[in-house]
Amino acid sequence: MAVPVLLELLPMLGVSADEAFPVAVGTAQASILVASLAAAQAHWRAGTIDQTLLRDWLPALAAGTLAGLVFSFFAPAKLLTGTFAVVAAGLAVKMALGRHLVLASQLPSGPAAHVAPGLIGVLSASVAVGGGT
């Protein structure tokens, strides 16, 4: 929610439209990092982290996150804004439909197993959604 709010506030504070989106994304990323670390620590202590999934997904998720950060640095603001809108709409549909919308009954295996976490990393980093939080 921080990105849309910042996109409204930053121009009022004199930040140009070309600079507003990267600043909003960077600010949101910083807050997401702090919140994610706190949440991960709480889940770890509670024993609710699937360690096998974490071990399997972490390399592709990290690589996708780095790629998304690089992408968001060079991408035009309108592309990032459009991507944000599409991702937010997709997440809203998934949240509204809940268990009625199942993308897969099991996790993929082999090389395809790295596509989902990589894509989650790219999209999360480039639109500041915060993958896995």
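## The overall layout

This chain has five helices and zero strands, and from the N terminus on its elements run α-α-α-α-α. Helices here are DSSP runs of H or I with at least four residues, strands are E runs of at least two, and both are numbered from the N terminus. Keep in mind that this is a predicted model: local features need pLDDT of at least 70, side-chain atom pairs count only at pLDDT 80 or more, and totals for chains, interfaces and linings use all residues. Residues are numbered from 1 along each chain as its sequence is written, and side-chain values use heavy atoms, with hydrogens and water left out.

Along its principal axes, the C-alpha trace spans about 45 × 30 × 30 Å. Of the 133 residues in the chain, 21% are buried (buried means under 20% relative accessible area, exposed over 50%, and partly exposed in between, using a 1.4 Å probe and protein chains only). Now take contacts, meaning heavy atoms within 4.5 Å. Among those between residues at least 6 apart in sequence, 72% join residues at least 24 apart.

## How α1 meets α2

Helix α1 covers residues 2-12 and helix α2 covers residues 17-46; they pack at an angle of about 140°, with axes 9 Å apart. The axes are lines fitted to C-alpha atoms, for helices over the stretch in contact, and angles run from 0 to 180 degrees between N-to-C directions. The two helices are therefore oblique to each other: under 35 degrees counts as roughly parallel, over 145 as roughly antiparallel, 65 to 115 as roughly perpendicular, and the rest as oblique.

So who does the touching? On the α1 side the contact is made by Ala2, Val3, Leu6, Leu7 and Leu10, and on the α2 side by Ala20, Phe21, Val23, Ala24, Val25, Thr27 and Ala28. By class, that contact has 11 nonpolar, one polar and no charged residues. For the sorting, Ala, Val, Leu, Ile, Met, Phe, Trp, Tyr, Cys and Pro count as nonpolar, Asp, Glu, Lys and Arg as charged, and the others, Gly among them, as polar.

## The nonpolar core

A nonpolar core is a set of buried Ala, Val, Leu, Ile, Met, Phe, Trp, Tyr and Cys residues joined through side-chain atoms within 4.5 Å. The largest one here has 13 residues, and those with the most contacts inside it are Val3, Leu10, Phe21, Ala24 and Phe84. Two or more residues come from each of α1, α2 and α4 (77-97), with α2 giving the largest share, five residues. In soluble globular proteins, nonpolar side chains tend to be buried together.

Leaving aside neighbours within four places in sequence, Phe21 is in contact with Val3, Leu7, Ala77, Leu80, Thr81, Phe84 and Ser126.

Thr83 lies in helix α4 and counts as buried at 17% relative accessibility; not counting residues up to four places away in sequence, Thr83 touches Leu123 and Val127. Ala75 lies in the loop between α3 and α4 and is buried too, with a relative accessible area of 14%. Ala75 and Pro22 are 53 residues apart in sequence and 9.5 Å apart in space, C-alpha to C-alpha.

Ala17, in helix α2, counts as exposed at 62% relative accessibility. Gln51 lies in helix α3 (residues 51-74) and counts as partly exposed at 42%. Gln51 and Phe73 are 22 residues apart in sequence and 32 Å apart in space, C-alpha to C-alpha.
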